[in-house]
Amino acid sequence: MPDWSYQTLFKPALFRLPAETARDVTLGAMGALSKLPGGSLVIRTLGHMESHPILHTQMCGIPVKYPVGLGGSLDVHGTAHDALAQFGFGYIEIGPVTVRPVNTGAAVRRDAGRETILYPSAWANDGLEAWIGRLERRRKHKLPYMARIRPMPDCGAADAPEELRLLASRLSPYAAAFFVDVLDAYEEDEALELLDRLSGTLPVAAGHKPLLLYVPLGISRPLLEKALDMLERSRGVWKGAVIGDAQKIGGGAEAAAGMAGLAGGGAQGPATASRSQAVGETAACTAGAAGGAVGAMMGSGRASGGPAGRYNAGQTAAVTVGACAAGEAVAVGAGGLAAGLELTRFIRGRWRSRTDRAADAGGRSGHWGAASGGGTGCGHGDAAVGGDAGYGHGYASTVGEAGYGHGGASKVGDAGHGREDSAAKSGSFGSRREREAPRLYANSGYEPGDAAAMSGGDRGKVPKAAAAEGRNSSEPAPVIIMSAGIHEPQHALDALDAGADYVQLHSGLVYAGPGLPKRINEAVVYRKVRGTAAPEQPFWRNWGWMCLLGLGMIIGGALAWLIAATVVVLPYDVSFLGMTSQLLSRANARILPFMSHDRITLAGTMISIGVIYFMLARYGLRYGLHWCKTALMTSCAVGFSSFFLYLGYGYFDPLHALVAAILLPMFILSMRGHTDEPSRRPPNVHNDRDWRLAQWGQLMMVVVGFGLALGGAVISFIGITDVFVPTDLAFLCATPEMLKELNERIIPLIAHDRAGFGGALFSDAIAISAAALWGVQKGERWLWWMFLLGGLPGFFAGFSVHAIIGYTDFIHLLPAYFAFAVYVLGLVLLYPYMVRGKRAAA
């Protein structure tokens, strides 16, 4: 289900269904497809996710092919893991997993306007035994599983270690790492005590597999700081952190009101969160903020419904949780991005290497700057005003006690992004994105260099020596996975800039489409290679031969058109028939025009193929683009193989054989010595209007390609079997028997023309389909021109020759009319994205 089909066809239809029904239908269909013979090949073909070695990393010693993970709550039943593994994910999260099933009985909802999914409970799952049963089954993919484990809602803090050890020990044969989700399950002191106990006992139960702490978006800063301090003291146990994606709506009646209001856009209810400040870039929707967007509660984590995420034995049944009553209603969506980025920056700042700390020394204490306004504030952004321990980010922010501030516009100072004079005034020392650039590059795989290029803003240069020192630090930096609000590639890049090593997708797949992981991977690859030149192959080594093959097809097609429009038959045709063209015309005046129409349409198709081959070689094969090589190899293989269709109609064409013998070595030479290279062209990183229109345009081009392939296959089949369709015989005013009486060899000769045209059309269709499926990118002007110039000769040849000979039957030409209309519409819809639109620097 690529984006061009999801955004245009499936998403509008699925969003008319209840959220859970749509999810189950979609995942069930993908899972069923992946289980069919060749199903995984179909999924890979439609998506064509290329695995570049440049993306391969080690996450805590675990080989990971891509920096994108699949969130466990999306496919909560594990229905479509084999299918989703083909989308460009590097790992798959399973969970949350509890020892027994957790059910709510309430429905999952969508708030499409805010790109949010509303869950009555964040912890609903099928339980440990169900997951063990699924993991024991044979799977087709090889992606590592990361198990997110959590105690039962009715489990007290004293009993939680036992449950978590049981989960870890049972899942350790299948999981490569564990995400430990406990911070919002209990009161602060209980959570910290539990974390301390787990540091000593959980590693053995987990088989010494990596442990990462799951950090909920609504965590209070005091709890987060204490938890991070504890993790730093147990650095050998805890390997990193996972930033969660769920934002609590609240508890009790307010949560129910919030769920209803978020889904329906109702009036706002009361929002009472003590000592908290909602992140500025996401409109607040705390407990009962029914009509507003879901905000990231970055304060104390307490709402009027009681302690956030606290379960008591009296509040819940054993396995069936009244979600809203237990304070468990959550929202997952684009609104969590700002809070996730804040947490990422904050945690990465605490986990900087000793080299980074030394680089930041010089009269400053640790990573904290003295933010004007009193107390201790983190001066990040243009200015930060801290109350008691406030954390200001972005533009001028005013925060309450122990709160995070983001956004806003209060003028409080001049502490800017790395401006020396402003930083000196406020005690801040610039943007953490700049200060941490060496570590960022080292951990996320980026090359050191221009921090402005990394962030897309006007930032300062990163000294290469400092970057090298950061990479050579003996103490590896912990891993950070950011999963909140990633809905477009730019969000993922922002997360990596903020300090994340990996991103994890959930609601973004629902709203942006299943192509999102591929788009993120392409954006990350581009960042790694931009500024470097692609190794260009010499003309005669490979791609030049394909250019010559394309030119040969164009010249051959032009000559064939000229012959078909004049003498129609060649001397060896006359010799095969034993009749001259004059005798044929006397016997049936429409035979030669009919043969001319077949041969001119073949000539137009040959010219189209030549144009497409030349441009794919000139602009793609030359620079090592894998999809171009695949498209050319497949199309040429089909085209040359179609020569053997003569076995079905019994006519050997010596000229056809000669042309094939000349062009085949060119094809072979063009396929040698290729090294796949990533594209150096900046990809699109936003889900903007041009991108959405381009999904429709891409759909149109895919329909054209698939339609031409179907037409070519049908024509070839008819050519070697019945030869004629009813409208052909009506035009000829003859039956097959009458034509056999005229000359028993006339039908094999016509069959040769028809089957040859069908094979050429199928070959042309493969190249068009591959380009439409895999090549459509923002700013790829050459590809748009290839669609235009490669399609016009075929359509012009077909329409013109039918008009000239008078073969204008509407039913006969209806498929061509439809294909041309879709082709023109596709060009129009793709034009803003591929030609007119300017590339956004990723």
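Modeller: Start with a term. A residue counts as buried when its relative accessible area is under 20%. Asp753 is buried because its relative accessible area is 4%, under that cut-off of 20%. Keep in mind that this is a predicted model.

Where does Asp753 lie? Asp753 sits in helix α30. Leave out residues up to four places away in sequence, and Asp753 touches Met595, Asp598 and Arg599.

Helix α30 leads us to the pocket. The elements that give two or more residues to the lining of the largest pocket include α30 (746-774). The others are α23 (591-619), α27, α28 (726-732), α31 (781-805) and α32 (810-836). Which of these elements gives the largest share of the lining? That is α27, with 10 residues.

Now the pocket itself. The largest pocket holds about 1,100 Å³ of space. Its lining is made of 43 residues. Nearest the centre of the largest pocket lie Ile715, Phe757, Leu761, Pro815 and Ala816. What classes of residue make up the lining? There are 26 nonpolar residues, 13 polar ones and four charged ones.

Leu708 belongs to helix α27, which covers residues 689-719. Is Leu708 buried or exposed? Leu708 has a relative accessible area of 15%, under 20%, so Leu708 is buried. Leu708 and Ser769 are 61 residues apart in sequence. In space, their C-alpha atoms are 9.1 Å apart.

Next, step off the end of α27. Val723 is in the loop between α27 and α28. Val723 is not a glycine, although its phi is positive, about 75°. Val723 has a relative accessibility of 4%, so Val723 counts as buried.

Another valine has a positive phi. Val568 has a phi of about 70°, and Val568 is not a glycine either. Where is Val568 found? Look in the loop between α20 (543-565) and α21 (571-577). Val568 is buried too, with a relative accessible area of 7%.

The peptide bond from Gly95 to Pro96 is cis, and its omega is near 10°. Pro96 has its place in strand β4, residues 91-97. Val180 lies in strand β8, residues 175-180. How buried is Val180? Its relative accessible area is 0%, so Val180 is buried. Which residues does Val180 touch, not counting those up to four places away in sequence? They are Ile149, Leu198, Leu202, Leu212, Leu213, Tyr214 and Trp238.

A pair of helices comes next. Helix α5 covers residues 128-136, and helix α6 covers residues 160-171. They pack at an angle of about 10°, with axes 11 Å apart. Why call them roughly parallel? Angles under 35 degrees count as roughly parallel, so α5 is roughly parallel to α6. Which residues meet? From α5 come Leu128, Glu129, Ile132 and Leu135. From α6 come Leu166, Leu167, Arg170 and Leu171. By class, this contact of α5 with α6 has six nonpolar residues, no polar ones and two charged ones.

For contrast, take Val42. Val42 lies in helix α3, residues 39-47. Val42 is partly exposed, with a relative accessible area of 38%. Val42 and Ala83 are 41 residues apart along the chain. Their C-alpha atoms are separated by 10.0 Å.

Last, the whole chain. How many helices and strands does the chain have? The chain has 32 helices and 21 strands. Of its 842 residues, 58% count as buried. Look also at contacts between residues at least 6 apart in sequence. Of these, 76% join residues at least 24 apart.

Key
Residues are numbered from 1 along each chain as its sequence is written. This is a predicted model: local features need pLDDT of at least 70, side-chain atom pairs count only at pLDDT 80 or more; totals for chains, interfaces and linings use all residues. Side-chain values use heavy atoms; hydrogens and water are left out. Helices (H or I, at least four residues) and strands (E, at least two) are DSSP runs, numbered from the N terminus. Buried means under 20% relative accessible area, exposed over 50%, partly exposed in between (1.4 Å probe, protein chains only). On a 1 Å grid over the protein atoms alone, a cavity is a set of points where a 1.4 Å probe fits but cannot get out, and a pocket is an open set with protein on both sides within 12 Å along at least five of seven lines; lining residues have an atom within 4 Å of a point. Grid points are joined across faces, edges and corners, and a volume is the space filled by probe spheres set on the points. Ala, Val, Leu, Ile, Met, Phe, Trp, Tyr, Cys and Pro count as nonpolar, Asp, Glu, Lys and Arg as charged, and the others, Gly among them, as polar. Contact means heavy atoms within 4.5 Å. Axes are lines fitted to C-alpha atoms, for helices over the stretch in contact, and angles run from 0 to 180 degrees between N-to-C directions. Angles under 35 degrees count as roughly parallel, over 145 as roughly antiparallel, 65 to 115 as roughly perpendicular and the rest as oblique.
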